[in-house]
Structure formats: structure tokens, C-alpha cells
Amino acid sequence: MAQTVRVSRHVRCPVDTAGAFVTDPHELFPKVSTFSRCRPIESRRSGELWEVFLHSGTIYLGGRVLIAPPRDNRLQWRSVRGTRHSFEARVEPDDEGSRLTMTLNFSASGLGIARISELIGRGLVVRNLEAAAEEIRHHLEFEL
């Protein structure tokens, strides 16, 4: 059974500025410590292949992903190797700023042990996405 984690933050930053930052992995990954061991592999017509990992202490969730070309202030990827997962970061207008919403879907293979791993992993992923959202918010509000 797959797990879905979604976090959202209000960001005091114009949508265009926030969207440009969030949808550019070359800018985003170096600024967010939760994403580690990230490196581009190759460009394809369907997007860019990257190695991307969510870092939580000694646990890494991730692998090789195909990042779709950005559109509508969205960064999206799906795994092609490693932990089965998909990710979306979306920026939308919100009052006098932006709303950043990040969603990670992941699953482990197997039966009983996989279910336990997913439930434990869900807690780690929630904390890591919360931390990533705060890092992004802080960067957009105070460092740009």
C-alpha cells in the first residue's frame, strides 16, 4: 500500500519568483539540505534524469528520477530506479504571497515488512518534507 505525504506553507513571496525557484532543480536542490546526493545525469526530450535522495539521518529515500519539464509553477518527478516514489512541488497564488505545496507518494515492496516500513517511513518523510518546506520558505522570504 502506498503512502502519500503532503505539506503546505504560505510564503511571503510573489508567485512568479517562488515558482521560478521551486521549478528549477539546479537552484532548488543546492539550497535545501533535505535533498541530498542530488546530481543531474542526462537530459531527455521527456525531461531530465537526476539522482535525488531525501536525507533523514542515516536513511535515504530516493534514487534515479525523471524530472518532467516545469509547467504551471510545478516541479514533478517519478522514480525510475530505487525507492518507488513520485513527487510534486506546486506554487499557487495565496493572499499577498504564494502557497507552496509538496506531495510525496512512496511505496515499499513486499508484504508485512513493507507495510511496517511504509508506516515508519511516513513519519520520517513528514518531518523531512516539513523541514524542506521551511527551508524553501526561509530562502524565498529572506535570502532572495
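**View 1. Thr-4 lies in strand S1 (residues 3-11).** Strands (E, at least two residues) are DSSP runs numbered from the N terminus. This is a predicted model, in which local features need pLDDT of at least 70, side-chain atom pairs count only at pLDDT 80 or more, and totals for chains, interfaces and linings use all residues. Residues are numbered from 1 along each chain as its sequence is written, and side-chain values use heavy atoms, with hydrogens and water left out. Thr-4 counts as partly exposed because its relative accessibility is 33%; buried means under 20% relative accessible area, exposed over 50%, and partly exposed in between (1.4 Å probe, protein chains only). Beyond neighbours within four places in sequence, Thr-4 is in contact (heavy atoms within 4.5 Å) with Thr-103, Leu-104, Asn-105 and Arg-122.

**View 2. The rings of Phe-35 and Phe-87 form an edge-to-face pair.** Their centres are 5.9 Å apart and their planes at 85°. Rings of Phe, Tyr and Trp (its six-membered ring) pair if their centres lie within 6.5 Å; planes under 30 degrees apart count as stacked, over 60 as edge-to-face and the rest as tilted. Phe-35 is in strand S2 (residues 35-44) and Phe-87 in strand S6 (residues 84-94), so the pair ties together parts 52 residues apart in sequence. Both residues are buried.

**View 3. Trp-77 and Phe-87 form a stacked pair.** The ring centres lie 4.3 Å apart, with the planes at 25°. Trp-77 belongs to strand S5 (residues 74-82) and is 10 residues from Phe-87. Ring pairs join Phe-29, Phe-35, Trp-50, Trp-77 and Phe-87 into a cluster.

Methods. Helix = DSSP H or I, 4+ residues; strand = E, 2+ residues; numbered from the N terminus.
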